[in-house]
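Subject: Structure for you to look at

Hello,

Please find the structure below, followed by notes on what turned up in it.

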Amino acid sequence: MTTAYWNRVRSAEMRVPQDRPLPDLTAELTTMLGSTDPVERDEIAYPILATWIGEGVYDDLLAGLGDGMAAGLTQGLGEAGTDSVFRRSFSALVIAECIARDNERTLLPQARLLEWGDRVSGWLVRERDVRGFVPGKGWAHAVAHGADAIGTLAESSHLRLPELTVLLDVIADRVLLPTPAPLTSGEPDRLAAATMAVFRRRLVPLRIIEPWLARVTAAATATAPEGEDPYLSTGNPEAFLRALHLQVAFAPEPIDVRADLLLELVASLRTSNQTYLKLRV
C-alpha cells in the first residue's frame with residue numbers, strides 16, 4: 001500500500017481498515033518499522049501498531065506479535081552505521097507496547113514475558129549502532145528505545161526480585177560499554193528512567209543497589225589508557241549518574257530508598273567530579 005493509504009488510516013483515528021486482512025496489514029507495518037523514511041516509521045508504522053495494541057486489537061495474537069518483534073531485534077545485529085538499526089530499534093518500541101498491554105490485562109504466561117525480557121536484554125547489550133538522530137532518516141535511538149523497553153518490562157508483575165536485579169545489571173552493562181562517542185541524545189536519561197521503574201517496584205533492597213551503584217561509579221572514575229580519550233569510557237557512566245540523581249531527587253513519585261540512595265548518589269558524584277569541585281571562581 002502507499003503512504004497515502006496509511007495516511008487515510010491515521011486520519012480515520014487509526015481504526016483498523018476492513019478492506020484487508022489484519023495479518024497483511026501487520027506484515028506491512030512491520031516492514032515499515034525498518035524504513036529509512038521517518039514518516040513511514042515514526043508517524044505511521046509505530047503509532048498505528050501501538051494504538052492497535054493498546055486498543056486490544058492483538059489481544060488474541062499478542063504472543064505472536066511480540067515474538068515477531070523479538071525476531072526483529074536480531075536483524076543486522078552487530079552492524080553500526082547501517083540502516084538495519086531502524087528495524088531493531090523500533091521493534092524494541094513495539095515489543096514494549098506488547099509488554100505494556102500484558103501489564104494492563106495479564107494476557108500472557110510468565111514464561112513468554114521472561115523470554116521477551118531475555119531477548120530485549122541480550123539485544124541491548126549487544127547493540128553497536130548507538131546513533132541518536134540520523135540526518136535525513138530521523139531517529140535511530142536504539143539505546144533509548146531499549147531503555148524504554150526495559151522500563152516497561154520492569155513494571156510487569158511477572159518479574160520479581162531476581163529478574164529485577166538482572167535488569168539493573170543489564171542497565172549497568174549498557175552504561176559501561178564504551179561507545180564511539182558519548183551518548184548525547186537523552187540515552188542516559190532514558191536509562192535512568194528505566195532504573196527508576198525498577199526501584200518503584202519496591203522489591204530491590206539497598207544492599208543490592210549499593211554495589212550496583214559502586215560499579216557504575218568505578219567506571220565513571222576509571223583512568224583511561226595512555227593516549228585514549230577518557231570520556232569514551234567515563235562520559236556515559238557520569239552522565240547516567242547525574243541523570244539518576246536528578247530523577248531520584250525530583251521524581252513526583254518518591255521511591256522507598258530515596259533518602260539513602262540520594263546520599264549514595266551524592267557520594268558517587270563527589271568522587272567522579274573531584275576536579276570540578278576543587279575549582280575556585
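In these notes Ala, Val, Leu, Ile, Met, Phe, Trp, Tyr, Cys and Pro count as nonpolar, Asp, Glu, Lys and Arg as charged, and the others, Gly among them, as polar. By that scheme, the lining of the largest cavity has five nonpolar residues, one polar and one charged.

The model is predicted, so to speak of local features a pLDDT of at least 70 is needed, and side-chain atom pairs count only at pLDDT 80 or more, while totals for chains, interfaces and linings use all residues. Residues are numbered from 1 along each chain as its sequence is written, and side-chain values use heavy atoms, with hydrogens and water left out.

Cavity and pocket

Rolling a probe the size of a water molecule over the atoms shows where empty space is left. The search uses a 1 Å grid over the protein atoms alone: a cavity is a set of points where a 1.4 Å probe fits but cannot get out, a pocket is an open set with protein on both sides within 12 Å along at least five of seven lines, and lining residues have an atom within 4 Å of a point. Grid points are joined across faces, edges and corners, and a volume is the space filled by probe spheres set on the points.

The structure has one cavity of 30 Å³ or more. The largest cavity holds about 30 Å³ of space. Its lining consists of R174, V175, L183, P188, L191, N236 and F240. Two or more of these residues come from each of helix 8 (161-176), helix 9 (187-199) and helix 11 (231-250). Helices here are DSSP runs (H or I, at least four residues), numbered from the N terminus.

The largest pocket holds about 380 Å³. Of the 17 residues that line this pocket, A220, Y231, T234, S272 and Y276 lie nearest its centre. Helix 11 gives the largest share of the lining, six residues. Helix 11, helix 12 (258-272) and helix 13 (274-277) each supply at least two. By class the pocket lining has seven nonpolar, eight polar and two charged residues.

Helix pairs

Axes are lines fitted to C-alpha atoms, for helices over the stretch in contact, and angles run from 0 to 180 degrees between N-to-C directions. Contact means heavy atoms within 4.5 Å.

Helix 9 also packs against helix 11, at about 50 degrees with the axes 8 Å apart. That angle makes helix 9 oblique to helix 11 (under 35 degrees counts as roughly parallel, over 145 as roughly antiparallel, 65 to 115 as roughly perpendicular and the rest as oblique). The residues in this contact include P188 and L191 of helix 9 and F240 of helix 11. By class, the contact of helix 9 with helix 11 has 11 nonpolar, two polar and one charged residues.

Helix 5 (residues 85-105) and helix 6 (residues 110-126) pack at about 155 degrees, with axes 11 Å apart. They are therefore roughly antiparallel to each other. R88, S89, A92, I95, C98, I99 and D102 of helix 5 meet L113, W116, V120 and W123 of helix 6. Eight of the contact residues are nonpolar, one is polar and two are charged.

Helix 2 (residues 22-32) and helix 3 (residues 38-54) pack at about 140 degrees, with axes 9 Å apart. Helix 2 is therefore oblique to helix 3.

Regards
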